[in-house]
Amino acid sequence: MGTTGQVGKLLVEEFDRDSTGVHVRYAARKPEQIDKLRSEGRDPVLLDLDDPRTFAHALHGVDRVYLLTGYTVAMLTQSKTLVDAAVKAGVQHIVHQGVFANWDVTDPHFVWHQMIERYIEGSGLSWTHLHPNVFMEGLISMTPLDRGDISVFWGDRRVGWIAARDIAAVAATVLRQGPTRHGGKEYWLSTEVASGPEVADILSEALDREIGCVIRGPEDYKAAIAHGGTTVESWYAEAGVEFTRQVIDGRMGYIGTVRDDVESVTGQPAMTLRQWAAENRDQLNAGAKP
């Protein structure tokens with residue numbers, strides 16, 4: 001799932017490089033996306049998480065599923081109904097992309113992911129949970145350069161970072177190798193910790209110009225969402241604001257830790273922030289506001 005999204009596009013590339021031992025079926029929710037996948041010689045299928053009528057056909061004959069939901073409280077219903085359909089279809093293994101959450105977390109959207117994980121575990125299917133921390137790609141999409149500065153909304157706290165490419169590499173490896181090796185396991189994807197100013201220093205080095213960091217807080221984040229170009233439902237937006245509150249006040253202090261399973265799963269070391277910045281130099285510059 002998610003073949004047109006941030007991690008999903010990279011997962012497609014991973015299977016283009018190596019689909020040893022598996023036949024990959026690519027799900028998309030729009031007919032034009034299906035047409036594009038088919039024109040590229042792939043095996044596409046319509047699967048709309050908001051329309052359970054699409055589940056049976058999409059899952060027919062499938063052994064392993066990569067479950068990825070969007071930024072919405074509807075993830076609860078979407079995941080529950082998809083898991084039920086997977087059980088009926090004879091799926092053997094679900095790989096779920098969740099969040100970097102401690103067991104007693106109270107931030108709403110982190111809790112939603114944990115509820116989904118518990119439901120998957122209770123379904124009788126084999127499972128693997130992926131727990132990525134803060135995406136490096138957010139430095140392009142969520143907090144792009146603005147007049148030579150980046151903004152962070154969790155004060156001066158250090159957080160853990162992960163490249164989307166490494167998430168995709170771990171996911172592809174797990175899906176290729178299957179439940180015999182990866183069933184019942186949780187993989188944590190937080191490869192480096194850095195505060196906003198430390199990230200700015202890394203970007204300055206990669207871009208050969210001075211990049212600053214504006215330290216902001218929860219109310220600034222709330223305002224940024226309200227005035228942003230992307231529509232975010234109110235429940236999910238408030239959960240994002242709560243995340244910034246809890247990182248600042250220490251309830252989610254574990255967000256600032258390294259817990260890196262990338263190399264143990266893929267055999268390759270995870271990408272550092274410096275490597276990511278160098279690789280994405282053009283995109284960082286292209287997204288910058290003058």
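Predicted model: local features only at pLDDT ≥ 70, side-chain atom pairs only at ≥ 80, totals over all residues.
Leaving aside neighbours within four places in sequence, Ala237 is in contact with Ile225 and Val232. The protein chain as a whole holds 14 helices and 12 strands. Its radius of gyration is 19 Å, close to the 19 Å that the globule rule gives for 290 residues, so the chain is as compact as a globular protein of that length. Let's start with Ala237 and then walk through the rest.

**Around Ala237**

- You can find Ala237 in helix α11, which covers residues 234-249.
- Is Ala237 buried or exposed? Ala237 has a relative accessible area of 12%, and because anything under 20% counts as buried, Ala237 is buried.
- Ala226 sits 11 residues from Ala237 in sequence, and the two C-alpha atoms are 8.8 Å apart in space.

**The whole chain**

- Along the principal axes, the C-alpha atoms of the protein chain fill a box of roughly 55 × 35 × 35 Å.
- Of the 290 residues in the chain, 51% count as buried.
- The chain exposes about 13,900 Å², and carbon and sulfur atoms supply 51% of that area.
- Take the contacts with a separation of 6 or more: residues 24 or more positions apart account for 75% of them.

**The five-stranded sheet**

- In what order do the five strands of this open sheet stand? The order is β3-β4-β5-β9-β12, and the pairing is mixed.
- β3 and β12 (259-260) stand at the edges with a single partner strand each, so one side of each has no neighbour in the sheet.
- Inside this sheet, β4 pairs with strand β5 (residues 126-132) in the parallel sense, over five bridges.
- To see that pairing residue by residue, look for Ile94, which stands opposite Trp127 in β5.
- Helix α7 packs on the sheet and touches β3, β4, β5 and β9 (185-190). The direction of α7 makes about 160° with that of β3.
- Helix α4 (residues 75-89) lies across β3 and β4, running at about 175° to β3.

**The three-stranded sheet**

- A second open sheet has three strands in the order β6-β8-β10, and its pairing is mixed.
- Its edge strands are β6 and β10 (192-194), and each of them pairs on one side only.
- Strand β8 (residues 159-162) and β10 run antiparallel and are joined by three bridges.
- Which residue of β10 is the bridge partner of Trp161? The partner is Glu192.
- Helix α9 packs on this sheet, touching β8 and β10, and its direction makes about 105° with that of β10.

**Helix α1 and its cover**

- Helix α1 spans residues 6-17, which makes 12 residues. From its first C-alpha to its last it reaches 18 Å, close to the 16 Å expected at 1.5 Å a residue.
- Which residues of α1 are buried? They are Val7, Gly8, Leu10, Leu11, Val12, Glu14 and Phe15.
- An α-helix has 3.6 residues a turn, so residues three or four places apart point the same way.
- The cover over the buried residues of α1 includes the strands β1 (25-28), β3 (64-67), β4 (93-97) and β6 (134-135), along with helix α7 (164-177).

- His182 belongs to helix α8 (residues 179-182). With a relative accessible area of 2%, His182 is buried.
- Not counting residues up to four places away in sequence, His182 touches Trp127, Thr128, Thr173, Val174, Gln177, Tyr187 and Val265.
- Where is Thr69? Thr69 is in the loop between β3 and α4, and at 11% relative accessibility it counts as buried.
- Asp208 lies in the loop between α9 (196-207) and β11 (212-215). Asp208 is exposed, with a relative accessible area of 62%.
- The phi angle of Asp208 is near 60°, a positive value in a residue other than glycine.

Note on methods: Residues numbered from 1 in each chain as written. Heavy atoms only, no water. Helix = DSSP H or I, 4+ residues; strand = E, 2+ residues; numbered from the N terminus. Expected span 1.5 Å × (residues − 1). Buried < 20%, exposed > 50% of the residue type's maximum accessible area, 1.4 Å probe, protein only. Contact = heavy atoms within 4.5 Å. Pairing = 2+ DSSP bridges. Axes fitted to C-alpha atoms, helices over the stretch in contact; angles between N-to-C directions. Rg over C-alpha atoms; globule rule 2.2 N^0.38 Å. Areas by Shrake-Rupley, 256 points an atom, 1.4 Å probe, with all protein chains shown as cover.
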